[in-house]
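Q: Please take a close look at a single part of this model. Then set it beside what can be said about the rest.

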Amino acid sequence: MAEMMLPIQDGDIKTTVNDLLKGLLRSGKVSAVIAMQETPSGKSAFPTMVSDPEKMDANVFAPLLPVSTGTMISRITKVRGSNKPITVVLRSCEMRALMELVKLNQADLTNVTLIGVDCPGTFPMNTYSSFPGDKTPTEAVLEGGEAEKYMRSACLSCKDPVPENVDVVIGIYGVDLKKGLFIDTRTDAGEKLLEGIELVKTDAKARVKAVEDVRKSKDAVRAKFIEERSDIKGIDKITEFFDTCVNCHNCMKACPICYCKECLFDSSVFDLEANKYVAKAENKGSFKTPTDSMLFHITRFNHMILSCVECGLCEQACPSNIPLMDIIIPIAENAQKEFEYLPGRDSEEKLPMIVYREDEFQDVGEK
Amino acid sequence: MSEEFEPKIVGFLCNWCSYAGADLAGTSRIQYPSNIRVIRVMCSGSVDTVYVNRALLEGADAVLIGGCHPGDCHYLNGNYKARRRMVLMKNILETLGLEPERIWVRWISASEGQKFADTVKEIVERTKEMGPNPMGKRWNV
């Protein structure tokens with residue numbers, strides 16, 4: 001494990017990281033790099049696969065999460081893994097999603113090296129596209145302070161903004177950003193990747209302290225977030241919460257963890273003959289259409305919550321602006337605690353619903 | 001005042017143990033309340049939470065998942081998996097404040113006709129205390 005600093009060139013963080021990634025392609029160490037790249041209009045940014053170093057225009061700190069890079073790696077590798085070396089730059093929530101997808105056999109990390117970047121948070125798409133003030137969203141987010149008020153709620157109460165399960169970490173915490181970016185090579189693959197790149201020594205202790213502080217403050221925000229939402233409980237509040245749901249299933253489509261090739265709720269399982277619907281109306285007195293909105297949400301929680309990485313893409317995708325994180329974060333917190341499971345912690349770990357212990361939950365079934 | 005509330009209970013019983021236990025209760029002429037509607041499944045481990053949820057959202061007052069005793073599963077470990085799944089489901093309903101106590105998990109073997117009858121009696125009694133499932137009358141779920 002080496003903790004070093006990548007000196008900033010021309011006073012510009014974007015150029016510095018971009019040059020590093022260009023170098024990887026030029027040296028032939030990797031055939032392609034996947035990293036966030038701004039669209040020409042500057043209104044958006046997407047994970048972009050680049051193999052021509054001249055076309056490399058990455059902005060790895062672009063504060064936007066249009067899709068999860070985890071999902072994109074799954075799309076790219078799930079048919080068959082890569083023969084050629086690929087480097088992927090991602091944030092911690094994307095890293096966690098990718099680890100969960102690996103466990104689900106939906107992503108193949110053969111010949112893939114991961115570079116994780118510290119993530120100070122992201123903005124909703126519309127805020128990013130027409131960012132208020134003179135600064136670019138990237139400048140604003142790296143400066144901190146003011147920018148927080150525009151951030152997505154999922155980011156404000158982020159579980160862990162520092163990526164863990166990666167080969168190399170590019171850090172912004174614990175270093176002077178005018179001088180350099182923190183670099184931590186954590187694996188042999190990471191070591192090899194950065195071989196020959198000029199790095200300078202830095203104060204590892206300052207980094208450890210800074211990361212600890214960031215995690216502590218995020219934990220506090222998250223605990224307060226959960227506390228403040230503890231009254232969203234009971235049938236009245238929960239039905240009210242989902243009152244504006246139009247049953248579009250966008251949350252499921254945006255979710256990096258919703259892994260089924262075809263969702264049960266997109267199938268015809270719940271399509272009944274007209275007589276059954278009339279019988280239901282006679283039975284209940286009345287019912288709203290589309291049916292099964294609540295059933296969809298609660299079932300979705302049951303299927304994905306243990307692997308939920310709290311990226312907030314579901315909330316971002318909702319056309320009715322339902323603040324889904326308000327209930328997802330508390331549910332994820334409690335459920336993951338029950339099974340002592342943290343998504344993304346370890347790619348070798350088994351998913352809780354496919355394993356069991358004989359001596360657990362022994363009161364269930366007897367009383 | 002209307003007549004006494006009679007709970008509707010949906011029971012998912014595994015083919016190899018709990019369903020046979022219910023069958024034994026019947027053939028042994030053990031009396032138990034008729035509030036339960038039994039659905040035979042091959043294994044308690046095959047009961048996805050969507051079925052339990054649907055029963056509750058459609059207004060079932062209680063749901064019973066019956067499986068073989070731990071260690072006795074016909075498919076070796078289906079009931080252990082069912083146990084985890086139901087723990088998760090109850091945990092989620094608990095956080096949402098949606099009455100997880102309406103879900104019952106019981107291990108009933110093929111020879112336990114009496115236990116099946118007692119279980120149904122117990123569920124009916126407790127559910128009568130709880131009152132009807134408020135989801136039943138909701139039109140907007």
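A: A residue counts as buried here if 20 or more other C-beta atoms lie within 10 Å of its own. Keep that cut-off in mind for the helix that follows. This is a predicted model.

The part to look at is helix α3 of chain B. It runs over residues 78-96 and has 19 residues. From the first C-alpha to the last, α3(B) reaches 27 Å.

How many residues of α3(B) are buried? The count is 17 of 19, and the helix is mostly covered. After α3(B) comes G97(B). The phi of G97(B) is positive, near 65°.

For the complex, the predictor gives an ipTM of 0.94 and a pTM of 0.94.

Now the partner, chain A. Its secondary structure comes to 14 helices and 8 strands. The radius of gyration of chain A is 22 Å, close to the 21 Å that the globule rule gives for 367 residues, so chain A is as compact as a globular protein of that length. Along the principal axes, the C-alpha atoms of chain A fill a box of roughly 75 × 50 × 40 Å. Of the 367 residues of chain A, 42% count as buried. Take the contacts in chain A with a separation of 6 or more: 74% of them join residues 24 or more positions apart.

Chain A also divides into parts. Domain 1 covers 2-227 and domain 2 covers 234-354. Taken over C-alpha atoms, the centres of the two domains of chain A are 29 Å apart. The contact draws 25 residues from domain 1 of chain A and 20 residues from domain 2 of chain A.

Which helices build the domain 1 side of that contact in chain A? At least two residues each come from α2 (69-77), α3 (92-103), α6 (153-156) and α8 (204-228) of chain A. The largest share, 9 residues, comes from α3(A). By type, the residues on this side of domain 1 of chain A are 13 nonpolar, 7 polar and 5 charged.

Terms used. Residues numbered from 1 in each chain as written. Chains lettered and ligands numbered in written order. Predicted model: local features only at pLDDT ≥ 70, side-chain atom pairs only at ≥ 80, totals over all residues. Domains from an automatic or database assignment. Contact = placed C-beta atoms within 7 Å. Helix = DSSP H or I, 4+ residues; strand = E, 2+ residues; numbered from the N terminus. Nonpolar A, V, L, I, M, F, W, Y, C, P; charged D, E, K, R; others polar. Rg over C-alpha atoms; globule rule 2.2 N^0.38 Å. Buried ≥ 20, exposed ≤ 12 C-beta atoms within 10 Å, placed from the backbone. Expected span 1.5 Å × (residues − 1).
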